[in-house]
Amino acid sequence: MNFRLLKVLLTIGVGLIFLATSTSTLAVLPKDMLVIADSSLAINLEYDFSGSTQTATAISLLYDGLLDWKIVYNEEYGVSEAAYRLATPGAHFKPGKTPRGFYEVDWESPKTAFRPSLCERLEISPDWKTYVFHLRRGAKSNYGNELTAEDVRYTWERNFYMHGYAEYKNTAGSFYGMDQVKVLDKYTIQLTLPEPNTQILYNRAETGGITSIADSIELKKHATENDPYAAKWVLKNAAGFGPYELVEWESGNQMVFVAREDYYRGKPRLSKIVIKEVPTSANRLALLIGGAVDIARDLTPKEREMVKSAPGCQILSHPGSLMTAIITNLKMKPFDDIRVRKAMAYLISYEDILETVYLGTATRLGGPVADIFPSATHYAFQFDLDYEKAKELLAEAGYPDGFESTLFYDLTQPLSERLAILLRSSAAKAGVKLKLEKIPSAQFLEKLTGTKDMPIFVNERDMPWELGVQFAIGLYHIEGAFGNFSNYYNPRVDQLWREIKREEDPVKKAKMEDEIQKIVVDEVSWIFLAQQGWHVGVRDYVKGLVMYGDNALRPQFAWKE
Amino acid sequence: MVFVVLGISLFTFAILHLIPGDPARVVAGPAGTEEAVARVRELMGLEDPLHIQLYNFYSRLIRFDFGESWFSGKSVLQDILTRLPATVELLLSGFLFAVIVFVPLGIFTAFNPRSWTNKINRAYGLIAGSIPDFWLGLMLILIFYVIFRIVPPPLGRIDIATSVPLKITGLLVIDSLLTWKTEALFSAISYLVLPSFCLAFVMGGPIIKMTISSIRSLLDSSFIEYAKILGLKEKTRRMYALKNAAPPIVTLIGVLFNYMISGAVMIETVFSWGGLGQYAVQAIINKDYNTIQAIIIFMAVVASLIYLLIDIAYFLIDPRVQEVK
């Protein structure tokens with residue numbers, strides 16, 4: 001044996017180990033800095049688009065809205081959540097009326113679901129059609145410009161120009177155009193609705209959500225003739241009144257947010273928030289367990305189990321609003337036949353999916369509205385695995401021996417493949433042969449919203465992140481809705497949707513909300529599978545995270561003990 | 001090289017536009033209305049006819065302008081130059097590791113065929129060729145970080161709480177040395193160890209095999225036999241063999257360096273390295289046309305340069321090539 005060579009190799013090996021370990025690997029992150037490992041970063045900073053949950057997180061740090069939800073602690077889940085359950089309608093008033101004969105919202109009332117944000121006082125007319133927002137004075141943007149009614153007016157005008165998700169939110173709240181807006185003075189703006197639709201309040205109450213308020217002075221500087229609302233600039237830059245400022249954005253690597261000293265609510269507890277892109281979920285798990293990050297998102301169910309047994313870590317869980325559904329295309333055979341759609345709904349083993357795919361971390365989705373929101377129903381529970389019923393329906397529809405089709409899914413959604421395999425095996429027992437086709441995200445999105453040519457597919461990415469039955473239905477199940485992936489149409493559903501918006505009687509409204517959900521489920525617009533849940537891996541010392549309906553993180557509320 | 005770049009860029013342009021998927025929809029998000037998507041498409045210049053887009057692309061390319069990344073909002077060239085040092089540092093360290101460790105190992109084994117290293121090299125050559133580098137990376141992270149906690153986390157190039165040294169070259173190790181920031185130096189080196197080991201490990205197998213077979217075939221050659229008959233010392237004969245074995249080894253190392261570049265893509269993703277590889281992956285996922293085209297052209301140029309360097313090295317090492325010239 002050549003000891004000289006062995007000595008050389010050993011020296012190299014020891015040297016490597018020394019080099020690798022020369023930095024403390026158990027270094028504690030500073031207490032005022034939060035590090036988050038996420039599967040990807042924000043796509044862009046355009047607050048008028050919905051983008052992704054990561055985009056919503058980034059926007060929520062940079063922008064504030066007029067109102068904010070109160071935060072309540074949910075004892076059942078051990079997690080703080082936005083006060084959706086108080087939102088019926090969620091605004092309670094101070095005694096008496098204001099000089100203009102309106103009611104003023106009492107923020108302190110335990111029945112009021114909202115708290116003031118950029119709007120300091122809110123007056124509502126007795127008929128619930130007119131809203132007067134009194135803006136907070138002295139609130140500055142990250143560019144140093146003071147908040148005025150012009151910022152709100154401009155933001156709303158831009159919503160309609162951009163034709164993005166924000167426009168939908170406005171129309172869901174019966175806000176159809178700028179003729180409904182009136183600037184009363186420098187700090188006061190009035191919005192009048194054609195009907196008493198309280199959805200408008202819910203829409204305004206998202207911390208930096210889609211209806212964020214932008215600094216119009218700064219945005220106007222970047223406008224051009226071809227781009228009058230600075231759409232290109234806003235994709236990568238933020239001019240908002242939120243608690244943080246984006247100081248570094250290395251696409252594909254990290255985003256660094258620094259707390260604003262001049263934030264109107266006072267400097268946030270966390271001075272710095274770093275969001276690192278860690279594409280591999282196994283690495284996110286390793287980083288969380290190792291203490292290199294404070295929060296890890298998008299862990300698989302199995303990885304969440306590992307976090308639970310790791311010292312110093314926990315999983316925060318909440319049912320959330322993220323839905324899993326199997327969606328059929330009602331404009332493609334054989335799914336244009338309701339009997340075939342129902343047959344597919346009977347070919348799914350819902351319990352199996354919840355146990356084997358989600359490992360018990362998801363709950364059964366009862367319908368088009370997640371049950372974290374008021375008025376959600378569970379009509380979808382009528383469907384359960386029943387091969388005989390499925391075969392009977394298929395035979396009635398003219399497919400006694402089944403049929404062939406292609407089941408699409410997004411290859412970047414880790415659980416979609418398992419779902420697809422389970423469905424294929426189950427469907428085969430009734431003669432339905434599903435060929436699995438996994439496609440990249442961009443292509444999936446193209447087919448989902450553009451060509452709409454997938455006969456049947458797994459969808460794990462959608463959620464109606466605002467409460468309100470009509471909001472969820474209007475997003476996905478109304479003719480012409482941009483989320484109507486199934487090409488569903490029922491005139492009664494469309495009619496009910498319009499009527500719910502203007503119904504004042506809560507009893508009648510509840511009845512209509514119930515009926516609309518029943519129709520959508522009975523006609524199998526979607527096959528509702530699971531409510532995936534909001535699950536976040538955190539170190540024990542991280543406190544204050546809040547679950548919002550968009551399932552995004554709201555790290556601005558967090559702190560470290 | 002100009003024709004190579006032209007051909008590759010044209011091919012890439014065609015392929016990108018043929019592959020299904022609309023980048024404007026990615027930007028507008030799943031809830032993007034048709035109007036919103038159309039507006040984004042207009043901003044991106046995708047509404048123009050293909051020949052106009054191609055013309056715009058080439059007219060920018062002539063000026064070394066690769067356009068803007070739709071996802072970072074910055075010029076693609078700026079993005080590439082920002083991320084390039086991370087990849088260069090990773091590749092250089094992996095390359096040096098592979099050359100410093102595996103070439104001598106191969107040489108030793110070639111001169112001592114009955115030594116214990118022979119069996120190890122055979123097993124290693126077999127394993128290294130069949131292990132994916134990203135899997136190796138994940139296993140090393142599991143063992144050394146998660147279980148033993150003796151290496152830094154797979155989270156970039158330097159500890160998050162350590163100040164980054166002043167940027168001179170962009171290579172953290174070099175910059176730390178130049179500015180004498182010892183904390184940053186140790187941190188940067190420690191973060192480099194696992195990813196560069198992964199790169200080197202996978203490349204080491206072919207290096208060892210080529211080194212051994214190249215030297216052995218020369219040791220068995222008639223001119224070495226002749227040297228032995230003439231009474232030349234073994235050490236001298238080995239030097240002769242080594243010198244003549246160098247050209248194929250250098251060629252292989254050069255070719256492997258090009259493969260290492262593609263290996264770096266996976267390693268960067270696993271270790272969240274923040275280099276060009278990870279940037280390329282993101283660009284592909286998001287269908288960022290400008291970035292994909294720029295990176296492919298860049299890689300083509302780099303590959304061509306590497307082959308040129310191999311030719312030059314060959315020229316310098318092999319006297320027979322010089323005589324022919």
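A:Glu150 counts as partly exposed, at 26% relative accessibility; by that I mean between the buried class, under 20% relative accessible area, and the exposed class, over 50%, using a 1.4 Å probe and protein chains only. A salt bridge here is a side-chain nitrogen of Lys or Arg within 4 Å of a carboxyl oxygen of Asp or Glu. The pair ties together distant parts of the chain, with A:Lys220 in helix α6 (residues 216-221) and A:Glu150 in helix α3 (residues 149-162) of chain A, 70 residues apart. Helices are DSSP runs of H or I of at least four residues, strands are runs of E of at least two, and both are numbered from the N terminus.

A quick word on what you are looking at. This is a predicted model, where local features need pLDDT of at least 70 and side-chain atom pairs count only at pLDDT 80 or more, while totals for chains, interfaces and linings use all residues. Residues are numbered from 1 along each chain as its sequence is written, chains are lettered from A and ligands numbered from 1 in the order in which they are written, and side-chain values use heavy atoms, with hydrogens and water left out.

Back to the salt bridges, then. Over all chains the count comes to 29. Which residue pairs with A:Asp294 in a salt bridge? The partner is A:Lys560, with the closest N and O atoms 3.1 Å apart. A:Asp294 sits in the loop between α8 and β14 (295-296), A:Lys560 is in strand β25, and 266 residues separate them in chain A. Both A:Asp294 and A:Lys560 are buried.

A:Asp522 and A:Lys518 form a salt bridge at 2.8 Å between the closest N and O atoms. They are four residues apart in helix α17 (residues 506-522) of chain A, so about one helical turn separates them. As a reminder, an α-helix has 3.6 residues a turn, so residues three or four places apart point the same way. A:Lys518 is partly exposed, at 35% relative accessibility. There is also a network of salt bridges in chain A, linking A:Lys94, A:Arg100, A:Glu104, A:Arg121 and A:Glu123.

Now for some buried spots in chain A. In helix α8 (residues 281-290), nine of the 10 residues are buried, so this helix is largely enclosed by the rest of the structure. Among the buried ones are A:Asn283 and A:Arg284, along with A:Leu287 and A:Ile289.

A:Ser321 lies in the loop between β15 (313-318) and β16 (323-328) of chain A, and it is buried, at 0% relative accessibility. Its side chain makes a polar contact of 2.9 Å with that of A:Asn551. A polar contact is a pair of N or O atoms within 3.5 Å; within protein, one must be able to donate a hydrogen and the other to accept it, and residues adjacent in sequence count only if both atoms are side-chain atoms. Leaving out residues up to four places away in sequence, A:Ser321 also touches others, including A:Phe373, A:Asp462 and A:Trp465; contact means heavy atoms within 4.5 Å.

A:Ala552 is in the loop between β24 (546-547) and β25 (559-560) of chain A, and A:Ala552 is buried too, with a relative accessible area of 0%. Beyond its neighbours within four places in sequence, A:Ala552 is in contact with A:Thr53, A:Ala56, A:Thr57, A:Trp534 and A:Val546.

On to chain B. It has 14 helices and zero strands. Of its 325 residues, 51% are buried. Its C-alpha trace spans about 85 × 55 × 40 Å along the principal axes.

And how do the two chains meet? The contact takes 59 residues from chain B and 59 residues from chain A. Between them they bury about 5,500 Å², 67% of it on carbon and sulfur atoms; buried area is the accessible area (1.4 Å probe) lost on putting the two parts together, summed over both. How many salt bridges cross between chain B and chain A? There is one, joining A:Lys232 and B:Glu68 at 3.7 Å, N to O. Eight residue pairs are in polar contact between the chains, both residues at pLDDT 80 or more. On the side of chain B that touches chain A, α3(B) gives the most, with six residues.
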